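We will walk through one chain together, stop by stop.

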Amino acid sequence: MSIKGRKFAGKGEAVASHYAFGSLEDDIIIKHRLLTRTTTTRGEPPLKKLQKKFTTFALEIEKEADNYSDCERLAKAFLQELDTFEIPLLKSKAVIDANVREKENFNDLKGEINKQIVQAQADIEVLKRQLEESKVERKHKEEGEAIRKLIAMQPPRSETQKVITELEKEIAMLEAENTAISRTLDLRKKQFALLLHVVDELQNTIEEEQRSLVEEMRNVVDDHNKSGSEDATMGTEAMAVD
């Protein structure tokens, strides 16, 4: 606690406040006031007043004069001062006890709050896992919903089965046509091979006939040449005879 100086202001200007004591001096003053039960810096401290009352009472008792009434008066004054001094002590003790209880309550509350914090952190982790699981579950639901919509867009099973049956029939017909075409193609291949063979044989026959014809023509020419030579020889011999 610090003691602030007074502020003086004039014509709208404020003078900056200054402190009479530092923080360390403030602590010393507060400690002294608590020990001496002095609430202000003015006046005589209660402990000192109590000490004076007790000293006065003790000195009065040590007198040998007949001062019973004075001793009684000083004793009452000392007891009254003692009661006055004791009341703040009792108040301080009550405040201390209240502070101790408050501190215990605060510690209990702090422990409870720490437990709640730990529990809250555990709950947060559980909620995080639940959130992740919920996200996965929601994703699966969305995917299932998308698949359901896609299935709903497709025609009924009966129509699909009908289309499949028709396609199977068409496939069977195409397979039959393919088989027939394959057989026809095989037959055409065989016929074409036979035709090629026949053409080859015919070409060979034609070539043989051509060769035979050429040979015959050569033989005829040779015979003709031979017969002409013989005729010429015979004419020469006749002329010679003549």
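Among contacts in the chain between residues at least 6 apart in sequence, 37% join residues at least 24 apart. Keep in mind as you look around that this is a predicted model.

**Stop 1: the whole chain**

You will pass two strands and four helices, in the order β-β-α-α-α-α. Of the 242 residues, 5% count as buried.

**Stop 2: colour by confidence**

Colour the chain by pLDDT next. The mean is 78, and 77% of the residues reach 70 or more. Then select residues 1–19, where the pLDDT is below 50; beyond near neighbours in sequence, this stretch has 18 contacts in the model. Where pLDDT is low, the predicted coordinates should not be read in detail.

**Stop 3: helix H3**

Select residues 68–153, which make up helix H3. How far does H3 reach from its first C-alpha to its last? The span of this 86-residue helix is 121 Å, close to the 128 Å expected at 1.5 Å a residue.

Stay with H3 and show the side chains of Cys71, Leu74, Ala75, Phe78, Glu81 and Phe85, which are buried.

**Stop 4**

The structure holds five salt bridges, and our tour visits some of them. Side chains of opposite charge can pair when their charged atoms come close.

- Select Lys93 and Asp97. Their side chains meet in a salt bridge, with 3.1 Å from N to O. Both residues belong to H3 and sit four residues apart, about one turn of the helix. Asp97 is partly exposed at 29% relative accessibility, and Lys93 is partly exposed too, at 48%.
- Move along to Glu137 and Lys141. The closest N and O atoms of this salt bridge are 3.7 Å apart. Once again the two partners lie in H3, four residues apart. Glu137 is partly exposed, with a relative accessible area of 44%, whereas Lys141 counts as exposed at 56%.
- Now pick Arg138 and Glu142, whose side chains form a salt bridge at 3.3 Å, N to O. These residues of H3 are also four apart, about one turn of the helix. Arg138 is exposed, with 58% relative accessible area, while Glu142 is partly exposed at 47%.

**Stop 4: a nonpolar patch**

For the last stop, select Phe192, Leu195, Leu196 and Val199 and show their surface. Together they form a nonpolar patch with about 380 Å² of accessible area.

Conventions:
Residues numbered from 1 in each chain as written. Predicted model: local features only at pLDDT ≥ 70, side-chain atom pairs only at ≥ 80, totals over all residues. Heavy atoms only, no water. Salt bridge = Lys/Arg side-chain N within 4 Å of Asp/Glu carboxyl O. Buried < 20%, exposed > 50% of the residue type's maximum accessible area, 1.4 Å probe, protein only. Patch = residues over 30% accessible without salt bridge, like charges linked within 9 Å, V, L, I, M, F, W, Y side chains within 5 Å. Areas by Shrake-Rupley, 256 points an atom, 1.4 Å probe, with all protein chains shown as cover. Contact = heavy atoms within 4.5 Å. Expected span 1.5 Å × (residues − 1). pLDDT = per-residue confidence, 0-100.
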